[in-house]
Structures are given as structure tokens and as C-alpha cells.
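Here is a short briefing on a predicted model.

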Amino acid sequence: MDKVAVLFPLPLPEPFDYRAATSLGLQPGMHVIAPIGSRLVRGVVWSVEREHPGAANLKAIEEVLPGSPVPEMSRAFIDWAAKYLVRPPGDLVRMVVRSPEALFPPPTHTVIAPTGEPPPKLTEARKRVMEEAAKEHVSAAELARRAETSSAVVKGLVDCGALTKLEISEDPPFPPPDLSLSGKALSGLQQAAADEMCATVRAGGFHVALLDGVTGSGKTEVYLEAAAEALKLDSTAQVLVLLPEIALTQAAMSRFNARFGVTPVEWHSAIPQKARRRAWREIAAGRARLVVGARSALFLPYPNLKLIVIDEEHDSSYKQEEGVIYQARDLAVARAKLGDCMVILASATPSLETLVNAQSGRYAHVKLPARHGTAELPDVELVDLKIDAPEKGRWLSPKLIKGAAEALLRGEQSLFYMNRRGYAPLTLCKGCGHRMRSPDSDSWLVEHRYSGRLVCHLTGFSMPKPKECPECLAPDSFTSIGPGVERIEEEVRYFFPNARIEIFSSDTTPNGDAVRELVARMETNEIDILIGTQIVAKGHNFPNLTFVGVVDADLGLKGGDLRAGERTYQLVSQVAGRAGRHEKKGRALIQTYAPHEPVMQALLAQDRDAFFAAEIAEREAAGMPPYGRLAAVIVSAPDELLANDAAKLMGEKAPVVEGLDLWGPAPAPLSVIRGMHRRRFLIRANRGVDVSAFLAAWAGRVKLHSAVRVQIDVDPYSFL
Ligand code: ADP
């Protein structure tokens, strides 16, 4: 009898033990069903002790499931990540086994195909059926429909041997990439970068390279060469490319398709269940060799992952902020280290952490300093809003209006960037000053004029805009304070009544199809002026876009957390980088009230390195990441007193560790979300301190009321 430890996709602290007959031959990674209490639950075998004397007293494994086992590397990654993130390992195994149906052989359906034998008697109906059957293999009913005859005719042809039934898998394997194809002819600089990457791929083992190239320099072309090299070198190698936005996958897919003759396997939250099942099965079996996905694709059970590319590695969407909180870029590097894999981090504006690693030599630093072909970087100018002020009640300065007007006259496109959805961030009553707040969260309701609703961007709560003030009952007394994209659109329409104007935000493009449609219209010049949130900053290539106006560059600096300057630089320079990506020269105007801030001066001079050098020096002096470690602990409860008491108790129980500072508890800046009152601790530690071990020890010391939630965020990006 074997003793078998099973890890369940549940928030349990460790695997549970079961017995299984040795003859079953259970191995770690296999999928099983086993009882927990009175329930039968699917889990993954984590370890097996053969012929264990104590096993007889354990409950038995109920069933062994088919399906590719979770590879050893994935299991090691789960164990590591659970420890690092201070999460129950079951929460992570849930992210690996994402499609239970994929454990079973794919369903099949029956189609009809010609055998090559001519039918003995050829009636008109039979002739039509044979013609249709030669075109495509479809079901008997469909074939009869296409041939405009009855199923009996089809059946007759099967019976006489002219047609036959075939069982077709609903999830056939994906066609493999065609490695005989070659990519675009690379420029000298691109070729040198590609050669360096390919040499690293050939050397094998764990390596991280930063592919640091300005927007439009051809980073994608270069990493495609590295991907091709990895796939050629080892006939079972798998390559994963992570992209920050699902919306970007389609453009990327067609470029991959051009390079490899096949569409890569896609993985993100929006793929339908059937596609998910097929992708999971093929990835786990090692047959899917090229995968493009969002951050969650990192957790899939690749048996032989050799290269991970993280495009736009600085992008904030790599940080998952709900459920299991993790930074996919950092976890990718950790996974690669465990599995002798190479990582390419591509960006025009790398994160400060990555840049420090590249400068210190821990990561290779491969540069692409120029745009491809004749395209040049745009001219950037700052607009000091204290001097070039917009008219009262408006947000666009005369300079911005002029810039867009000139582009319009030349028949070129403009982009106004405003990183706030909706019409206005605040709605207040002119009569009594009442501000419209979210009912269960500490945030203002944002007015959305298109939908006529007030929306909480934190929780998604929304309500129709009331006709009268709920406080003083004055009718029609609301005024909208501050701009969002919808308000900028209103203003742009006022100045350019005949232009074709669109908004690009997650509200106007709620899904991939809508994004594709809008991007296509922009590419084919059916839009003159686009007004967008940060969704426009990412990766799009609009050949005729030559003017970019940043409406409020200061927005991201407000509330100033650790990365406010860095993020502002990244976003604004990425947005400015949308201008003039082809032959036409681009121009970007950046509106700010703080033109002398280092970040604005750096944007003006397009001197990323000087700005980052100053930021790096500040972080080093303060012992902030990457020179120190941070973690956040958020204690929340449905009741304010309970939250306070729990936070106080946690504060008292914190272990004292040398080289580690604990700040808090303090009310979180967003002190109530969905009715939960939130208190925060921030932990800063010197680099050598094991912050995860500290957090685990701390959590183990405190017994809290069952209504209290404790959320641990290792390497926090949000400080709200
Ligand atoms: P990045 O990823 O650095 O922003 P891309 O790889 O998207 O840059 O390249 C920008 C544009 O230039 C794309 O349209 C791409 O097809 C084109 N391009 C880049 N390199 C080449 C090349 N060697 N030959 C032809 N077109 C290229």
C-alpha cells in the first residue's frame, strides 16, 4: 500500500494523505479524485511513499484520472510561489489546473467522408451528395442539407461503401510552427540583437535578457528570432509570450502567424471554454509549442518551457491585484530559474527593477536605440498650463487645439490622452455641496454621460444619475468637476465639429472584438481624432497618427507612491511614442502644471536614462525596491471597530526582525471597499531579509475573528 499526498485546488495549508494500492503505480503530478470529509474532490498527487506501513489507516484514493500529469517543474514552481507569496499552495495549484475537462480525452463527433469507391447507382441526389462530401467533411444531417436531399440518401451511400463515417476529435492538436520560414530582413542593429539572443538560447540554461528598444525599433521582430531558435534547437521545446493586454493579442497573433505559418495557442481569461480545454490539453502534453497569453498563462503545466518573452515588461497589468496577488514578470524569472529557461523582457521603458538588474550585469542588456527604417522619434514639447491655460471650463490649451488642427489639415490623425474613464470624476450639488459617493466604498462616483450613470470605478457599483440632490433635494443641482475622456471628447467635438472622433477606453471597447474593430478603423484612417485612456498606450501601430496631446500628465503623480514618477514616465513616453511611427514625423505636446518636475524634464529631453538614474539613486538611499524589499498587509473587516481591533492585535503580535521596519496599522487611503473597513501595514526590509518567512511567522501567531480578512501583498504596486 502506498501513502499518497494530494494537493487540492482549495485554500488548504498543505497536501492531505491517502492510501492507494501500489499496483496503481501513482506518480507525483497525476490527477486523482479523493474524499475530503463527505465530498469527493479532484486534486494532484504531490508525493508518493511506496509500501508505507502506516498507509492502511488512511482513506483511499477514489479514482485516478487520465490526463497529462503536472510536470515536476510546475510542482516545484507552485511550492516556491506559495512560499514566496505566503499563500496556501492549493490556491496556486488551482491556477495550474484550469480546465478539468482537459484531463479527459477530447470529445469526438462523426463526419462523413468519401472512400474513393464510386457508388454503384448514381442518381441526381446521390451525385449532389458525393459532390458536397468531396468539399468538406460534415455530419450526415449537414451533408443531406447541403445536397438538398434526405438523410436516407446519405445513409444509402454509406451502406454501399461510397461514403464512410469518420470519428473526428473536437480538440485536434494545433499545427506545429513551420520552422523553415524566415522572418523579415533585419537591419544591422536588429540582427546584432537577434544574434545575441539566439546565442544565449543556444547556450541553454537560465538567462534573463532585457531587450531595451525605443517604441517601433522592432523588438517583436527580434524576439521572434529568439523564439524560432528555441523551437528549432529542441523538437519538444515550448515558447511562451506574455502580453499585457488581451486586446493586443490579435495584432501579435497575425505577426506570429506571418513568422511561423500558424496561429499560436492563445491563453487568457476571455477565451471560450472549449478553446481553453483544447489549449490546456495540448500545452500539458507538450504538443502546443508556441503559446501567447496573459499573465495567467505563466502557470500552465509546460513540460519543456525553454523561453518566456514578456512584452512591455514594465506594464502594470502584469501585477495581479486580486485573489492570488503576484507580479507575473518576477514570477516568470523565478520559474525560469527553476527550469533552466531563458527570459526576454522587452520594453521601451523598462521597469526600474529590471533596469537595475541589467545595469548590474545580472541581466544581459540588449539595446535597439533607433526606430526601424526612416521613422524617427516624435518631437516632444511641454505645455505649461499656468502660462498656456485653456479657456475657463475647458481642458485643452490653445496649443493642443492648434496641434490637432494642423494634423487634420494635413490629413493626419491625432490622439488625445486622458487617463480617466467617464465624463467627470466628481459630481457635486451646487446647492449644498453634497458629493456623490459610492454607498459601500470610500470613493467618489464617476459620471458616465453615455450611459447616464454614476459609477464606482473601484467596485463597479453604478446608479442612474439622480434628478435631485439626495441631501438637500434641490432639483437639477449637480455640477461635474474635472474631466474624463467623455468630457474631453465633448470639447474636441466643439472645436472640430466636422472631424471623425472616437473614444478608446475599456467602456467603449468592452471586448477583444470591439478593440479590433476600433483599431482597424484607426489604421484605415476612418477616425481623425482618438481620445483614449491608457489602453491606447500599449503597442498599437497607427501609421497616420502624427500628433499626440497629453491632456493631464500630472494625473499619475497625484497621491505619489513609490512608482508614481516611473509610471508617469513610462505611460506618457509610451503614449508620445504612438506619434510618427512610420515615414511621417510625429509631435507630442504634454500639458502639465509642473513643467520643472524631473519627470517632465526627462520627458521633454527624452532622456530616460538620466531620469531613471535619479530615481534609482533615490530608491537606493531610501532602501526601497530593488535595494530593499516591500510587503503590504491589509486587514479588513465589515465593521470599523473590528478592523481596528484586529489591526491593533496584529501590530502587537508582529515578530521583531533585524533589518525589517514595520509601519502601521494605518487606515488605508481607500479606507472602505465594498463595505470592508481596511487597515494597512507596510513592511520594508533590507535585501537579505526573508520577508516571506517573516509574514508567514506573523500570520501564524495571530488568531483573528472569522469575519476579518488578512491580505498579504508581497512586492506591492498598489498602496491604496
Ligand atoms: P517594437 O516592438 O519595438 O515597438 P515592432 O517590432 O512592433 O517594434 O516594429 C515596429 C514596426 O516596424 C512594425 O510595423 C514592424 O513590422 C516594422 N518593422 C520592424 N522591423 C522591421 C524589419 N526588419 N523589416 C520590416 N519591417 C520592420
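An open sheet is built from 5 strands, ordered 2-1-4-3-5, with antiparallel pairing. Strand 2 (16–20) and strand 5 (63–64) stand at the edges. Each has a single partner strand, so one side of each lacks a neighbour in the sheet.

**Inside the sheet**

- Strand 3 (residues 31–36) and strand 4 (residues 39–49) run antiparallel and are joined by 6 bridges.
- Across this pair, isoleucine 33 stands opposite arginine 42 of strand 4.
- Strands of a sheet pair through backbone hydrogen bonds, in either a parallel or an antiparallel way.

**The shell around the ligand**

- The ligand is surrounded by 16 residues.
- The closest are Ala185, Gln190, Gly216, Lys219 and Arg255.
- By class, the shell divides into 8 polar, 5 charged and 3 nonpolar residues.
- Helix 7 (residues 219–233) gives the most to this shell, with 3 residues.

**Polar contacts and burial**

- Arginine 255 has a side-chain N or O atom 2.8 Å from an oxygen atom of the ligand.
- Threonine 220 places a polar side-chain atom 3.0 Å from a ligand oxygen atom.
- For lysine 184, a polar side-chain atom lies 3.1 Å from an oxygen atom of the ligand.
- The ligand taken alone exposes 560 Å², and the protein buries 82% of that.

How values were computed:
Residues are numbered from 1 along each chain as its sequence is written. This is a predicted model: local features need pLDDT of at least 70, side-chain atom pairs count only at pLDDT 80 or more; totals for chains, interfaces and linings use all residues. Side-chain values use heavy atoms; hydrogens and water are left out. A residue is near a molecule or strand if one of its heavy atoms lies within 4 Å of it. A polar contact is a pair of N or O atoms within 3.5 Å; within protein, one must be able to donate a hydrogen and the other to accept it, and residues adjacent in sequence count only if both atoms are side-chain atoms. Accessible areas come from the Shrake-Rupley method with a 1.4 Å probe; for residues, only the protein chains shown count as cover. Helices (H or I, at least four residues) and strands (E, at least two) are DSSP runs, numbered from the N terminus. Ala, Val, Leu, Ile, Met, Phe, Trp, Tyr, Cys and Pro count as nonpolar, Asp, Glu, Lys and Arg as charged, and the others, Gly among them, as polar. Two strands pair if DSSP finds at least two bridges between them.
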